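This report walks through one protein model and its two ligand sites. Please keep the sequence and the coordinates open while reading.

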Amino acid sequence: MSHIYLIGFMGSGKSTVGFALAARLGRPFIDLDRLVEERAGMPVSAIFDERGEEGFRNIEEALLAEVASARPAVVACGGGTILRDENRRVLKKSGTAVYLMVTPEEALARIGDAAGRPLLAADAAGMAPRILEARLSLYRAAADIVVDTVGRTVDEVVEGLVTVLGDVQEIVVSTAGSGRYPVVLGCGVLRDLGARMSAALGQAKTVVATDENVARLHLETAMRSLADAGVDATSVVVPPGESSKNWETAGRLLDRFAEAGLDRRGCVVALGGGVVGDLAGFAAATYMRGVSLVQAPTTLLAQVDSSIGGKTGVDLRAGKNLAGAFWQPAMVVSDIAALATLPDAEWSNGLVEAAKSALLAGETQTAALEKTAPRLVVRDAVATRAAIEASVRFKADVVAADAREEGPRECLNFGHTLGHALEAVIGYGVVSHGVAVAEGMRFAARLAEEIIGAPSSTTSRVAGLLDALAVPRLATRPSSAEELMQAMRIDKKARGGAVRFVLLREPGEWVVVPVEGGALRDALERWVDE
Ligand code: ADP
Ligand code: ZN
């Protein structure tokens with residue numbers, strides 16, 4: 001059923017990569033433009049001359065539908081295939097769309113090389129740069145995953161695709177007392193949600209909890225997968241955003257579980273970002289004193305961080321995450337393809353947590369992230385998958401060592417001491433979590449120079465990594481150091497008055513230090529006035 005569609009501008013390597021990828025996977029290869037030419041009995045340029053673009057697109061649409069219902073293939077689409085809504089629907093329904101990314105400059109340069117291909121040359125000549133840009137954003141919108149082809153050989157692109165599309169990774173998280181569970185990481189794994197759940201949990205009655213945005217984009221995939229696996233499932237949808245993470249909404253979920261007839265062997269799927277994960281996880285932890293939970297994270301932040309480790313909860317008027325439970329999931333299903341629809345600001349939030357975990361994990365992880373940062377910014381799937389995997393492995397180790405945050409797990413708070421205070425003072429949703437935490441990491445790095453004598457090279461490393469990941473800077477700093485102090489003291493992680501900071505000496509070498517009021521106030525006052 002599932003095809004691999006390659007989309008992208010001419011010059012992106014669709015045919016070359018497609019041919020090699022098909023051979024590697026032992027699938028048929030179809031070049032849609034060639035197929036159109038075969039059927040019409042004339043070259044594309046002649047079809048354009050005789051029947052116009054409309055005539056060409058009609059043949060193309062009919063043939064795409066035919067290809068889609070035939071056996072799974074690697075299909076190189078035409079440069080303009082995705083212009084028609086109907087074609088985009090076919091791609092969505094029948095396979096995975098891979099956008100082979102090239103910059104407009106690179107694409108034109110490659111086509112320039114192809115002097116013997118008059119069709120491409122003629123086509124490119126007619127493309128004004130602005131039309132080109134518009135086309136490129138359409139590719140991105142139609143794609144399930146992006147693979148950056150600039151600076152990679154055809155073989156490297158093919159190998160990357162084989163890994164990203166073919167390998168499903170299972171990383172095991174072990175927790176003292178709460179058992180072991182797999183984090184299933186791969187492209188399209190949401191389509192296997194039902195099969196994986198029924199294999200691991202039996203065909204337990206299930207409620208899928210999600211928010212309105214995610215429901216629009218990914219709920220159908222999840223529900224169809226559950227139905228196909230014979231799982232009796234219903235869904236409940238809450239408004240998006242942090243404001244849903246409250247007591248009332250948790251109560252609504254609990255009522256819905258009861259209405260759906262969930263019993264003790266029932267299961268809750270949290271399909272969405274950190275908000276849905278915390279909220280639905282908390283409801284699962286309390287319903288009938290706890291039912292099975294499957295985390296299906298759809299934000300980068302949730303995939304690299306919050307879906308793993310069993311923290312669940314809701315906010316109280318007095319502060320964030322003040323009521324909650326440790327409730328480990330039975331499984332985490334992280335579909336990289338589900339991230340394609342994520343807004344840029346959410347992408348950035350996830351990159352910040354990935355940077356946090358790399359810096360805490362050590363030199364190897366930090367260097368790897370520094371190296372792939374430009375590709376992560378353009379959402380290259382090969383780099384993204386590696387970054388998620390590294391973060392998951394790190395988090396799994398931390399959680400295995402300290403499931404209930406009685407010791408080393410506190411390191412995950414790196415950047416979050418000032419980060420949370422900034423969110424509280426500026427306003428949740430006014431400043432994004434990622435921007436606030438990134439600012440917190442920069443601040444903590446400088447504090448580490450003063451308090452533990454960390455080298456300034458570590459500070460530059462932290463700042464450089466966040467810059468390379470294109471994390472936006474805080475627009476305006478709050479004017480009152482005092483207010484920030486207050487917010488830090490209220491944060492539940494403060495112990496007995498002193499504010500605890502995670503400080504880095506070098507990547508991988510961190511300490512948690514209670515910072516005394518006077519020193520902290522001085523540092524904050526300097527920071528505020530900068
Ligand atoms: P976080 O994981 O950062 O805690 P939230 O759960 O608050 O995030 O989700 C952030 C926003 O992104 C919400 O508005 C949510 O509806 C939306 N969202 C989550 N997953 C996706 C997705 N895959 N595509 C598009 N939007 C998404
Ligand atoms: Zn965070």
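## A buried aspartate in a loop

Asp144 is buried, with a relative accessible area of 13%. Buried means under 20% relative accessible area, exposed over 50%, and partly exposed in between, with a 1.4 Å probe and protein chains only. Asp144 sits in the loop between helix H7 (129–142) and strand E5 (145–148). Helices (H or I, at least four residues) and strands (E, at least two) are DSSP runs, numbered from the N terminus.

The model is predicted: local features need pLDDT of at least 70, side-chain atom pairs count only at pLDDT 80 or more, and totals for chains, interfaces and linings use all residues. Residues are numbered from 1 along each chain as its sequence is written, chains are lettered from A and ligands numbered from 1 in the order in which they are written, and side-chain values use heavy atoms, with hydrogens and water left out.

What does the side chain of Asp144 reach? One of its polar atoms lies 2.7 Å from the backbone nitrogen of Ala97. This is a polar contact: a pair of N or O atoms within 3.5 Å; within protein, one must be able to donate a hydrogen and the other to accept it, and residues adjacent in sequence count only if both atoms are side-chain atoms. Leaving aside neighbours within four places in sequence, Asp144 is in contact with Lys92, Gly95, Thr96, Ala97, Ala337 and Ala340. Contact means heavy atoms within 4.5 Å.

Ligand 1 has 17 residues around it, of which Asp211, Gly274, Thr298, Thr299 and Thr341 come nearest. A residue is near a molecule if one of its heavy atoms lies within 4 Å of it. Val275 has a backbone N or O atom 3.0 Å from an oxygen atom of ligand 1. His218 places a polar side-chain atom 3.4 Å from a nitrogen atom of ligand 1. Taken alone, ligand 1 exposes 570 Å², and the protein buries 87% of that. These areas come from the Shrake-Rupley method with a 1.4 Å probe; for residues, only the protein chains shown count as cover.

Helix H10 (212–228) and helix H12 (274–286) are the elements that give two or more residues to the shell. H10 gives the most, with four residues. The shell divides into eight nonpolar, seven polar and two charged residues. Here Ala, Val, Leu, Ile, Met, Phe, Trp, Tyr, Cys and Pro count as nonpolar, Asp, Glu, Lys and Arg as charged, and the others, Gly among them, as polar.

## The zinc ion

Which protein atoms are donors of the zinc ion (ligand 2)? They are Glu353 (OE), His416 (NE2) and His433 (NE2), lying 1.9 to 2.1 Å from the ion. Their spacing along the chain is E-x62-H-x16-H. Glu353 lies in helix H14 (residues 344–361) and His416 in helix H17 (residues 416–426), so the pair ties together parts that are 63 residues apart in sequence. Donors are N, O and S atoms within 2.8 Å of the metal (3.2 Å for Na, K and Ca); water is not among the atoms, so sites may look incomplete.

Glu353 is buried at 3% relative accessible area. His416 is buried too, at 6%.

## Buried helix residues

Ala381 belongs to helix H16 (residues 381–401). Its relative accessible area is 1%, so Ala381 counts as buried. Beyond four places in sequence, Ala381 is in contact with Ile145, Val146 and Val164.

Val157 is part of helix H8 (residues 154–166) and is buried at 2%. Not counting residues up to four places away in sequence, Val157 touches Val17, Leu100, Val147, Thr149 and Arg152.

Helix H2 (residues 32–40) has Leu32, Asp33, Leu35, Val36, Glu37 and Ala40 buried. These residues pack against strand E2 (29–31), helix H3 (44–69) and strand E3 (74–76).

## Positive phi

Most residues other than glycine have a negative phi. Arg289 has a positive phi of about 60 degrees although it is not a glycine. Arg289 lies in the loop between H12 and strand E11 (292–297) and is exposed at 73%. Glu405 also has a positive phi, near 55 degrees, and lies in the loop between H16 and H17. Gly41, which follows H2, has a positive phi near 70 degrees.
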